[in-house]
Amino acid sequence: MAEPELGQTNYWWVNQGQTYPQERKAGILWAPKVQKNGVQPLHWQSMLDVRAGDVILHYAKGVRALSVVATAAVDAHRPGDLPEDMWDRDGRVVRTTYSEAADAIALDELLLDERLREPQGGPFDRAGKVKQGYLFPLSKTFGKSFTATFSDRFPALGVAAGSYVPSEARMEAAELLRALIGVPLLTVKGRTNKILAVQPPDVVVATESSPAGALVQIAWVEEALQLLREHGSVTIHPDQVGYRSAFIGAVLLQLPYAQATGSPPVISFQAGAAIESDASPTPPTDKVAADPFTGSLEKPFAGTQRGEQPALRRRLLGSMSEAECAICGETYPARLLWAAHIKPRSICTDAERRDLSHVGMLACVFGCDALFETGYISVNENGQIVTSSFGSEHKAIATKVADLEGRLVSTHTKASSAYYAWHHSNMFRG
């Protein structure tokens, strides 16, 4: 398979004739790894080449939707809504943000000459008809031509193609500002702002010249966030974001992978941030996946930060505004999900810490993360949740774990099973 290009948008065609409604509802692509005869089709392996920011054309009796990819592929069991008798249980999932067409684009609306010029490995046969198979690469020429021609059919497409937008940028401005109360915020010019309070419709901001705080409209921050979400960048200048542009820029720079360049400064997300330090994936082994995080595991910042933590959250959540808790299966806003290590990070080997595709899971803050971390629940060799009798000592814990008993955990796969086995042997209360 071709190695994905860093920082560039790639285009894909996915055939979803039988599965479009289910995958559309879940905001995913899912494909098995191997056929029942052991063959690994290229149109399934291509899931490994998809990267955040890529654009996908969704075909089901016409191009029904466009989407911008939120996360690279990770191992996942077949979702329960998909037919059980057609595919193996083990597969890979890609999370993506769908925008449905007002009217589906029929195949005949796509110029035959453009279809015939697509490479042999693409979605069209020599007659320009759609091949059987799941996921195929498209040329940038075809992808750009399609989006230029039919963009008006996708009114809900709110993310700039090719731009990685972290889930934190999808928070409402007031929510983001509350999370930053008391945090020193450096402007592009190095001056310090600090949020003292959030009192809608304003936020109280202390500066060197106004230590007691001055009011800034929350709506100005919201407008800047909207520009960043839609275009992938925003110019920090009063003409675009209002006269408190320095403070607004300081807030936006708190978002993961945000950077300021030029004069006047333009804030965007680092080129290639969506796949930063992710080696080109290869099939995982039974021990440690071969697509490790290759960046520094420690970053100096008023002490030491965990360098792979943002990458783990990005791998599991990407730019999704909500996702499913691996333990309880409920869908929550991104801010209420932790990128949790299955095996505690402090005792993982260096290679295990870098195994981002398998060492972590998303767990909600409504008890699942804590119950797993403290050993009241674990996952057995069949991928099912088991519960500890110790939970019966406390009524609230007993009620919570009873609801989880026997549930199948989608992130328990062959590649992640060693981490779950360690947890069961060492953390589970039994």
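1. Basis. This is a predicted model: local features need pLDDT of at least 70, side-chain atom pairs count only at pLDDT 80 or more, and totals for chains, interfaces and linings use all residues. Residues are numbered from 1 along each chain as its sequence is written, and side-chain values use heavy atoms, with hydrogens and water left out.

2. Overall make-up. The protein chain has 14 helices and 22 strands. These are DSSP runs numbered from the N terminus: helices are H or I, at least four residues; strands are E, at least two.

3. Of the 430 residues, 50% are buried (under 20% relative accessible area; exposed is over 50%, partly exposed in between; 1.4 Å probe, protein chains only). Among contacts (heavy atoms within 4.5 Å) with a separation of 6 or more, 64% join residues 24 or more positions apart.

4. Helix α6. This helix covers residues 218-231. Its 14 residues should span 20 Å at 1.5 Å a residue, and the end C-alpha atoms are 20 Å apart, which agrees. The expected span is 1.5 Å times one less than the number of residues. Buried residues in α6 include Ile218, Val221, Leu225 and Arg229. An α-helix has 3.6 residues a turn, so residues three or four places apart point the same way. Glycine 232 follows α6, with a positive phi near 80°.

5. Phenylalanine 366. This residue lies in the loop between β20 (360-364) and α12 (368-373). Phenylalanine 366 counts as partly exposed because its relative accessibility is 44%.
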